[in-house]
Amino acid sequence: KYALAQEVAKSLSSLLSPRGSLKVNPEENLILVVDSRENMEKIKEFILSQDTPSKQMRIKSFPLTYVKAEKIAPLLTPHLSSQGSLKVDPLSNSILIQDVAFNLSRIEPVILSLDVFKPHQEVFSLKYALADEMAKSLSSLLSPKGKLETLPDKNSLVVVDSPFYLEKVKEALKKIDDFSLQAKREVFKLNYAYPEEVAEKIAPLLSPEGKLKLKKEERIIQVFDAPYPLSLVKKMVEREDTFSPQKRVFSLKYASATLLSTKLSQILSDKGSFEVDKPTNSLIVEDAPFYLDRVKELVKEEDKIENQLLPPITFEDAPISRVLSKISELTGINITWQEDVEGKVSVNFKRPIPTLKALSIILSSVDCIYQKEDNLIRVKKRPLLLLSSNFSLKYALAQEVAKSLSSLLSPRGSLKVN
């Protein structure tokens, strides 16, 4: 009733007579003994002394592999003897049973029949952690028959296992998929795209806790967020920050295209290129739009007549027309002059000087001025200021004095005698 026949049979062997024998029936927990009447009494007495609840009480732990211990515990209670009891240990997912040996042997097959692999499927969508990274650590939580698959596009885990292990995965993810544990800082250096445009496209990809900092001048975007949002940001940056060149022609009015081209290597990208078209004084630049805009700003800043320098030159008693031609040749500025612009000048500029300042100095010596008209400098005689005055004579005759005054008048001067 209480003891296991196989265990009691081991002790009975020493009590049998030389002609005695025994046979065990495990299914019915029986011992068939053949021996003399006198010896049989001793054997019976021994069996009865061993087959008691107090002598056969055992404690055994049954760790479960696939089912939750708390779920099958109610199904085991009817199989306990009147002296039996059980406890559930959720942490180890096991059932601790105290009962007589024979009853424990009957309960064990029941447990094995209940602890079978009945897989369920559950999809876990991660918010902060990367599914690919989590898959490695979560695999150790599965049962021997459990399976795990990642869905990188959705940052999800598909787990097929028994409910007990699905619950373990769920609890683990609840702790791991946390912003405070996963957050880190990453710096993205842009090569070709506009930083502000990329930052605008990145912002919606961040988690609610994520932060973005734009350093426009350095072309850097700093992002503080969890691995999954950071992976989306990285893909966006890789997609947007590609070299998509355009070609633009910058026609210069005043600055020398050749001289200005020496500054382009400092502002173009690593893949940018340019050509100088001397006949049209133009720059032909091919690069990403961001860098073309930088060239545009450079041209806007440099292509001013006020910025043009005249290299050191010397003239001694040279016709003004030759001086103006030389200045035009040296600076690339278009200069025209009227026929009445004449005279000779002597200058000695030992150092570079602003072209307009040089013109003012040179032209003042021949009573001329210049005017700027778009990309053209026009030189002309300084306009004369004509004055009108009346002279009343007291002693001399106006007609006689007038004859002498005629030689003193300028070409545009006139007089009238009353």
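**Salt bridges, a helix crossing and a surface patch**

Lys372 is partly exposed, with a relative accessible area of 43%. The model is a predicted one. Lys372 forms a salt bridge with Glu306, and the whole structure holds 11 salt bridges.

**Glu306 and Lys372**
- The closest N and O atoms of Glu306 and Lys372 are 2.8 Å apart.
- The pair links distant parts of the chain, 66 residues apart: Lys372 sits in strand E20 (residues 368–373) and Glu306 in the loop between H12 and strand E15 (309–310).
- Glu306 is partly exposed at 46% relative accessible area.

**Asp293 and Arg248**
- Asp293 pairs with Arg248 in a salt bridge whose closest N and O atoms are 3.1 Å apart.
- Arg248 belongs to strand E12 (residues 246–251) and Asp293 to helix H12 (residues 289–302), so the bridge ties together parts 45 residues apart in sequence.
- Asp293 is partly exposed at 27% relative accessibility, and Arg248 is partly exposed at 25%.

**Glu196 and Lys216**
- A salt bridge joins Glu196 to Lys216, with 3.7 Å between the closest N and O atoms.
- Glu196 is in helix H9 (residues 195–202) and Lys216 in the loop between strands E10 (211–215) and E11 (220–225), so parts 20 residues apart in sequence are tied together.

**Helices H1 and H2**
- The axes of H1 (residues 5–12) and H2 (residues 37–50) come within 11 Å and cross at roughly 135°, which makes H1 oblique to H2.
- The crossing of H1 past H2 is right-handed.

**Nonpolar patch**
- A nonpolar surface patch with about 740 Å² of accessible area together includes Phe391, Val401 and Leu415.
- Leu415 lies in the segment after helix H15 (398–405) and is partly exposed at 39% relative accessible area.

Definitions and conventions. Residues are numbered from 1 along each chain as its sequence is written. This is a predicted model: local features need pLDDT of at least 70, side-chain atom pairs count only at pLDDT 80 or more; totals for chains, interfaces and linings use all residues. Side-chain values use heavy atoms; hydrogens and water are left out. Patches are made of residues with over 30% relative accessible area and no salt bridge: like charges are joined within 9 Å, nonpolar side chains (Val, Leu, Ile, Met, Phe, Trp, Tyr) within 5 Å. Accessible areas come from the Shrake-Rupley method with a 1.4 Å probe; for residues, only the protein chains shown count as cover. A salt bridge is a side-chain nitrogen of Lys or Arg within 4 Å of a carboxyl oxygen of Asp or Glu. Helices (H or I, at least four residues) and strands (E, at least two) are DSSP runs, numbered from the N terminus. Buried means under 20% relative accessible area, exposed over 50%, partly exposed in between (1.4 Å probe, protein chains only). Axes are lines fitted to C-alpha atoms, for helices over the stretch in contact, and angles run from 0 to 180 degrees between N-to-C directions. Angles under 35 degrees count as roughly parallel, over 145 as roughly antiparallel, 65 to 115 as roughly perpendicular and the rest as oblique. A crossing is left-handed if the near helix is turned anticlockwise from the far one by less than a right angle, and right-handed if clockwise.
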